[in-house]
Amino acid sequence: VSIPIIAHGTPIGLKTGGLLDRIRYEVDVRGPVSKLPLNIDIDVTPLELGDAIRIDDLDIPEGVEVLDPPQAVVVTVATPRRVVEVEAVAEGEEGEVAEGAGGAEGESAAEGGAKGESKAKETKSKE
C-alpha cells in the first residue's frame with residue numbers, strides 16, 4: 001500500500017535562501033491493515049540548507065514494513081543553482097573571463113588580418 005507523506009512547517013533553510021524540494025509524496029509499505037496509518041506526518045521546520053529527511057527517518061508504526069529503500073530522500077532543503085552560478089560568473093569576470101575575451105578578440109583580429117593579406121596576394125597573382 002502507498003501511504004501519503006504530509007510535510008508540516010516552514011524550514012529554517014528557506015529564510016536563508018533555500019528551496020524546499022519534495023522528492024517523495026508517499027511511501028510503499030506492507031503490513032496488517034489495522035496497523036497501517038492513513039498518512040505519515042513529518043515536521044520540516046528544523047531543516048537547514050542541505051538537510052534532508054530520508055525514509056529511514058520516518059515514524060513508521062511497529063509491524064509495518066517499508067518497501068522503499070531506507071536511504072531514499074523524502075524532502076530536502078536545496079541551495080538554488082542560479083545563485084551559485086551567478087557568484088561563480090562574477091568571480092570569473094574579474095580575472096579569467098576578461099582575459100579569455102581579450103584573447104579571443106585578439107586572435108580573431110590576427111586571423112582576419114591574415115585572411116585579408118592572403119586574399120590580396122591571390123588578387124595580385126591573378127592580375
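Leaving aside its neighbours within four places in sequence, with which residues is I42 in contact?

**View 1. Contacts of I42 in the predicted model.** Beyond the neighbours within four places in sequence, I42 is in contact (heavy atoms within 4.5 Å) with I5, I6, A7, H8, I53, L58, V74 and V75. This is a predicted model in which local features need pLDDT of at least 70 and side-chain atom pairs count only at pLDDT 80 or more, while totals for chains, interfaces and linings use all residues. Residues are numbered from 1 along each chain as its sequence is written, and side-chain values use heavy atoms, with hydrogens and water left out.

**View 2. The largest nonpolar core.** This core (buried Ala, Val, Leu, Ile, Met, Phe, Trp, Tyr and Cys residues joined through side-chain atoms within 4.5 Å; buried means under 20% relative accessible area, exposed over 50%, partly exposed in between, with a 1.4 Å probe and protein chains only) has 17 residues. V27, I42, I53 and L58 have the most contacts inside the core. Two or more residues come from each of strand 1, strand 3, strand 4 and strand 7 (73-78); strands are DSSP runs of E, at least two residues, numbered from the N terminus. Strand 7 gives the most, with three residues.

View 3. Four strands in the order 4-1-3-6 form an open sheet of mixed pairing, where two strands pair if DSSP finds at least two bridges between them. Strand 4 (40-43) and strand 6 (65-66) each have a single partner strand, so one side of each is left without a neighbour in the sheet. Strand 1 (residues 2-8) and strand 3 (residues 26-30) run antiparallel and are joined by three bridges; S2 stands opposite D28 in strand 3.
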